[in-house]
Amino acid sequence: MGRGKIEIKRIENSSNRQVTYSKRKNGILKKAKEITVLCDAQVSLIIFGSSGKMHEYISPSTTLIDVLDRYHKASGKRIWDAKHENLSNEIDRVKKENDSMQIELRHLKGEDINSLNYKELMALEDALEKGLDGVRDKKTEVHSMFMRNGKILEEENRELNFLLQQHLTPEGARNMHGQWI
């Protein structure tokens, strides 16, 4: 006895709709895996449910990029627009810039400098000297600030000791060392 035909329309009951979605999603994912194995087909399947959750299957013998490239060639439809192409180019540019900065950082640390020519070594030396001068200036500034703060704290300490002595020495009180004044 076979199944009866159903009318294909939206299921109004939300719990029935969710159960049907789950079962049919699992069924179509299973069919995608089966057709990949049985027929050596390259399959890519992406499903977005009403909640926005994504489910996917891609044949183990391929990648999504390969499938999308083949789709583009076969159908002539552009999947990537100019905006995505620009973003891809920007990503490549930033990666190259990052690689360049990593190399420069290694050079500044004194690593991998054997490959540098004389001019590059001179430029590196100049950059290091400028950096060293900046560090020395900052160190001097911090040291001066500590010295100023130290003098301020010493003066405040003297003032507090004076006030404490005045408070303790009315009429025959002892000084800070316990001696009579």
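1. Strands here are DSSP runs of E with at least two residues, and helices are runs of H or I with at least four residues, both numbered from the N terminus. In a regular strand, side chains alternate between the two faces of the sheet.

2. A word on the basis of this note. The model is predicted, so local features need pLDDT of at least 70 and side-chain atom pairs count only at pLDDT 80 or more, while totals for chains, interfaces and linings use all residues. Residues are numbered from 1 along each chain as its sequence is written, and side-chain values use heavy atoms, with hydrogens and water left out.

3. Strand 1 (residues 44-48) pairs with strand 2 in the antiparallel sense over 5 bridges; pairing requires that DSSP finds at least two bridges between the strands. S44 has I58 as its bridge partner in strand 2. The covered face of strand 1 holds L45 and I47, and its uncovered face holds S44, I46 and F48.

4. The two strands, strand 1 and strand 2, form a hairpin with 5 residues between them. In the turn, G52 has a positive phi of about 95°.

5. Helix 2 (residues 64-75) has 12 residues and spans 16 Å from its first C-alpha to its last, close to the 16 Å expected at 1.5 Å a residue. The expected span is 1.5 Å times one less than the number of residues. G76 follows helix 2 and has a positive phi, near 80°.

6. Most residues other than glycine have a negative phi. D40, in the loop between helix 1 (14-39) and strand 1, has a positive phi near 55°. D40 counts as exposed because its relative accessibility is 69%, where exposed means over 50%, buried under 20% and partly exposed in between (1.4 Å probe, protein chains only). A41 is in the loop between helix 1 and strand 1 and counts as partly exposed at 24%.

7. D112 also has a positive phi, about 55°, and is not a glycine. This residue lies in the loop between helix 3 (82-108) and helix 4 (118-168). D112 is partly exposed, with a relative accessible area of 48%.

8. The protein chain is divided into domain 1 (14-77), domain 2 (80-115) and domain 3 (118-178), with bounds from an automatic or database domain assignment. The centres of domain 1 and domain 3, taken over C-alpha atoms, are 69 Å apart. A41 and L128 are 87 residues apart in sequence and 59 Å apart in space, C-alpha to C-alpha.
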